[in-house]
Amino acid sequence: MNKVTTDVLIVGGGPAGMSAAVAASGNDDVRITVVDDNPRIGGQIWRAELGKLKSVEALELLALLDQQWITLVNNASVFSNDGSSVLAETPSGRIQIEYKSLILATGARERLLPFPGWTLPNVLGAAGLQALVKGGLDVQDKRIVVAGTGPLLLVAAEYLTSKGARIVAICEQTTNKKLDRFALGLWRSPSKIVQGISLRSKLRGIPYYRNAWVTKADLQSVTIQHFGQTTDIECDMFACGFHLVPNIELAQLLGCEVADGFVSVDDYQQTSISDVYCAGEPTSIGGVEAAVVEGKIAGFAATGQIIEANSLFRARKKTTAFAKALDQAFELRDELKTLAASSTIVCRCEDVQYGKLTDHDDFRMAKLQTRCGMGACQGRICGAAVEFLFGWKDRSVRPPIFPVKMENL
Amino acid sequence: MSYDVVIVGSGIVGAACAASLSASRLRVLVLDSSGIATGTTAAGMGHIVLMDDSEAQLALTGYSRKLWNTLAQELPADAEYEHCGTIWVAADEDEMNEVRRKQIVYASHGSDAEILDGRALRELEPNLRGGLAGGLLVQDDSVVYQLCATKFLIERAARYGTTIRTGTNVIEISDDGVRLENGEVIAAGVIINAAGVFASELSPELKIVKRKGHLAITERYPNFVRHQLIELGYLKSAHGSDGDSVAFNVQPRITGQILLGSSRQFGVESNQIDFEILKRMTNRAFEYMPDLKTLSTVRVWTGFRPATSDNLPYIGKIPGHENVYAAAGHEGLGITTSLGTAELLTSAILGKKPAIPIEPYLPSRTITEH
């Protein structure tokens, strides 16, 4: 087994991790290692842009990352900790990376909720479909309905449109009131309002429904509930995502304190464990700007650059407020808890139906009796769903936090 | 409300006792500090297996296996009872001698077992490496998803009138009943300590220690393994009572998943995964089944077996008590021996003749009264 030592280890090479690495490199005396589970860094948001980069910020970071004291380890998924080291699986076997400080920048994933038809092949996550198209899926002239909640719906719709898809409708579950309050707040966040406007103009002509949510889907259409009426909308594909869920499994495995589903951090992004920092979506869903500023603070703080870290507190105050506004604006409505029928599958790995779960008091008992959440995705999809549906929060985490080849354990 | 019997512990042993005693029209209460089957039962493998480490073990596993095979017809589908058999794998000629010895012992107990040569072994299990000497196929062994089997037993007990209180912590057992953490006292004619690894906390007379184990489960690879496979060296490993040990022990699940064991460690309290012994465990498995290396492993977990010094459970009255019984200390065989334990204990409590002699399992065998 390959063993590596480093001063600062950063897990995740998205905006938060890249920013942390660049900030940390301000201290010439430290060796920095970034591990990422994808072939290319950039995270969910920047990855596809690398090489033909639109984001100036990403480009700058990428240039700065090209320093000899920053080591990038791609295709490495961290599946466990072992003392003050982590274990990662790579195509060429297992590596162990020992660190002095650790920065967790593990990002977020899409929240999917069960409704009749959600497991059909033409039904995908909004971000999931976007990722598939980035990977080469052809959506030219496909009629697509985009539904769920959150800013990602607009981003996905814009991207799919640019790839030749015909977006038939966008359905946002939240209320007019919440959306309006959120839009007003955007004035305090200039770069975001520009983003918002350019998105809206590109999407002009596409019906955008608020207060609208899916109730079921089949192979030809989706049924949308909108102001007490149900409407069937014909489409070839249905992209449906309910905002984001933070990836906190590694933080949990390390024993970091978690509150309300997010990793608790202090002013310097340090978790409840000293020398373990966390930045970006695992601390609150705040998007790329929050990830960048938190990543920088963590990178500075982890390498003793306290003045530099302090200078970013004001900027972070804004991104934190934005994250809070996002949270309020796209809060899930209770009606979404009633979509699944008794026979609707909740856990796709283990084929566990909604009706099999309703007897249980907590996730552990449901798991033991039905194996809900015990399949290959390790509850990453259904865990967030049952938390919303039943209020079950007791997600136990143990290694490996990603499936690994047995020889790499 | 008073009860004829209070059972402390709702693992598979407590659940089986509840089902058996309530079927005999006793009013039963089951208490568990956590939920149903959340201790050793939840962590185990669900292998129903005949074992001949001692005459008494052979008698109890044989009797229990018979009870399982009868119960099988009533088990619900989610108990995933599968009559897949066990193959004891012999690596070399030395171990083939053990195969032949074992076959004779099993036959004398009325259990057919078939001796396999190296070729026959590979035909049955193509993913075993070449060059193994052979094995012993024990057809009548099975696997079961023990969690749903336990739920089935608890639900049966409940239908016969048993009351179940989970999240209820018992802090004291006496001849008159039990005392709970919240101060409540529950009176009962008979108290059964079925608290698994916690049994000796409540009944210090019972000498039960924790023996830690690791298990790993893969994604779905249907037919990769078809029988429960155990290396014959397991016996040495399982009962060499001092140091840490590992053995090749693999189980096919109905889902196509493969459950891999096993490790044994004494004197470890932490439930954390120990990567060093896990590595030894998987390496041992690769020696027998090299292609396991590339299978995707979804989960690894640990558990604690309630072990006694002579590898036999405590079943029967605890010395120095009038009304307190033990059903504990089943080590790694609790799933198999739960049903036999329950029947023996029911006979003892009702003063009936047991189906097999209970003496070898009585707590008094290793305990002197004080």
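Guide: Let's go through that sheet piece by piece, and then step back to chain A.

First, some ground rules. This is a predicted model, where local features need pLDDT of at least 70 and side-chain atom pairs count only at pLDDT 80 or more, while totals for chains, interfaces and linings use all residues. Residues are numbered from 1 along each chain as its sequence is written, and chains are lettered from A and ligands numbered from 1 in the order in which they are written.

Start with the meeting of the chains: 24 residues of chain B are in contact with 18 residues of chain A (contact means that the C-beta atoms of two residues, placed from the backbone, lie within 7 Å). On the chain B side, α6 (146-159), β12 (209-220), α9 (275-288) and β16 (296-307) each give two or more residues. Those names come from DSSP runs, numbered from the N terminus: helices are H or I with at least four residues, strands are E with at least two. The largest share of that side, six residues, comes from β16(B). Sorted by type, that side has 13 nonpolar, six polar and five charged residues (Ala, Val, Leu, Ile, Met, Phe, Trp, Tyr, Cys and Pro count as nonpolar, Asp, Glu, Lys and Arg as charged, and the others, Gly among them, as polar).

Now for the strands. Strand β24 of chain A, residues 404-405, pairs with β16(B) in the antiparallel sense over two bridges (to pair, two strands need at least two bridges found by DSSP). There, A:Val404 sits opposite B:Thr297. Follow the open sheet across and you pass nine strands, β24(A)-β16(B)-β12(B)-β15(B)-β14(B)-β13(B)-β4(B)-β6(B)-β5(B), with mixed pairing. At the edges are β24 of chain A and β5 (114-117) of chain B, each of which pairs on one side only.

(Axes are lines fitted to C-alpha atoms, for helices over the stretch in contact, with angles from 0 to 180 degrees between N-to-C directions.) Another helix, α9(B), lies across β4, β12, β13, β14 (245-252), β15 (257-266) and β16 of chain B, at about 60 degrees to β14(B).

Zoom in on β6(B). It pairs antiparallel with β4(B) over five bridges, where B:Trp88 has B:Leu136 as its bridge partner. Four bridges join β6(B) to β5(B), also antiparallel, with B:Glu114 partnered by B:Leu137. Five of the five residues of β6(B) are buried, so this strand is largely enclosed by the rest of the structure (buried means 20 or more other C-beta atoms within 10 Å of a residue's own, exposed 12 or fewer, partly exposed in between, with C-beta atoms placed from the backbone). B:Gly134, B:Leu136 and B:Val138 point one way, B:Gly135 and B:Leu137 the other.

Finally, step back to chain A. Chain A has 14 helices and 24 strands, and its C-alpha trace spans about 65 × 50 × 35 Å along its principal axes. Of its 409 residues, 49% count as buried.
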